[in-house]
Amino acid sequence: MRRVYCDLHLHSCLSPCGDDSMTPAMAAGMLKLAGIDVAALTDHNTVGNCPAFFKACLEYGVAPIAGMELTTAEDIHLVCLMRSLEAAMEFGREIDRRRVKIRNKPQFFGNQLIMDEEDNVVGNEEYLLPNATTLALTEAFELAESFGAVCYPAHVDRVSNGIIAVLGDMPHEPAFRHVEFRDTGNIQAYTEKYPRLAGMMPLFGSDAHSPEGICDASFSVEIPDVGSAAEAVFDLLREA
Ligand SMILES: [Zn+2]
Ligand SMILES: [Zn+2]
């Protein structure tokens with residue numbers, strides 16, 4: 001077995017709140033420097049920069065996972081991780097049909113840049129990405145499940161867009177098997193206050209929006225010595 005360090009929540013320059021300098025290539029390079037072995041790109045309601053992220057990560061020796069931070073109709077953020085880039089692109093097309101299309105105002109919200117792996121801008125997303133989709137919480141979870149995703153509430157210990165802050169408690173449904181904490185120091189207090197969290201696997205991600213936000217490895221798992229590290233981490237989560 002080998003221990004791999006993971007960052008499963010990252011934004012690129014395609015998220016309007018992401019820094020323009022957070023290109024897929026820059027993210028991959030910074031992840032390598034931070035000692036991260038397996039990383040997921042999770043832009044808001046899009047997988048548009050995942051192809052470039054995959055190429056850049058392979059260049060730098062980081063194992064990539066394609067993902068998305070999905071906004072539900074209730075304004076709750078869910079991390080959705082996909083087993084393959086192909087599955088992610090298909091999921092992305094489905095989510096695109098569930099978006100509420102409001103034109104982006106880059107000067108106000110920020111740019112939404114689609115990149116290639118060599119830091120060239122190849123497109124601009126015209127409509128604002130992070131706003132609520134038409135998918136209600138359970139519907140969003142079930143849709144993600146139907147695409148074989150690992151889907152769980154993001155930053156449960158955060159007020160904005162955290163599931164507990166929005167709903168007032170951890171709901172019975174959907175049956176999440178994982179939950180992401182922003183701060184590992186909050187796990188105990190949150191689990192005591194919201195006992196339904198106890199049965200869920202706690203996960204962490206930097207939620208970095210800039211190169212400086214990528215922190216040193218803090219979350220690690222053991223995987224078999226042989227085979228794809230990204231697939232092994234994904235399978236470990238999927239089977240949790
Ligand atoms: Zn979020
Ligand atoms: Zn995020």
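Helix H2 (residues 50-60) buries Cys 50, Ala 52, Phe 53, Phe 54, Ala 56 and Cys 57. Buried here means 20 or more other C-beta atoms within 10 Å of the residue's own, with C-beta atoms placed from the backbone. Helices (H or I, at least four residues) and strands (E, at least two) are DSSP runs, numbered from the N terminus. This is a predicted model: local features need pLDDT of at least 70, side-chain atom pairs count only at pLDDT 80 or more, and totals for chains, interfaces and linings use all residues. Residues are numbered from 1 along each chain as its sequence is written, while chains are lettered from A and ligands numbered from 1 in the order in which they are written.

What sits over those H2 residues? The cover includes these elements:

| Element | Residues |
|---|---|
| helix H1 | 24-33 |
| strand E2 | 38-41 |
| strand E3 | 63-71 |
| helix H3 | 85-97 |
| strand E5 | 113-115 |

Just past H2, Gly 61 has a positive phi of about 80°.

Now for the core. The largest nonpolar one holds 69 residues, and Cys 80 and Leu 81 have the most contacts inside it. Such a core is a set of buried Ala, Val, Leu, Ile, Met, Phe, Trp, Tyr and Cys residues joined through C-beta atoms within 7 Å. Leaving aside residues up to four places away in sequence, Leu 81 touches Leu 8, Ala 40, Ile 65, Gly 67, Ala 149, Val 150, Phe 234 and Leu 237; a contact needs C-beta atoms, placed from the backbone, within 7 Å.

Zooming out, the chain has eight helices and 10 strands, and 44% of its 240 residues are buried.

Note on methods. A residue is buried if 20 or more other C-beta atoms lie within 10 Å of its own, exposed if 12 or fewer, and partly exposed in between; C-beta atoms are placed from the backbone. Two residues are in contact if their C-beta atoms, placed from the backbone, lie within 7 Å.
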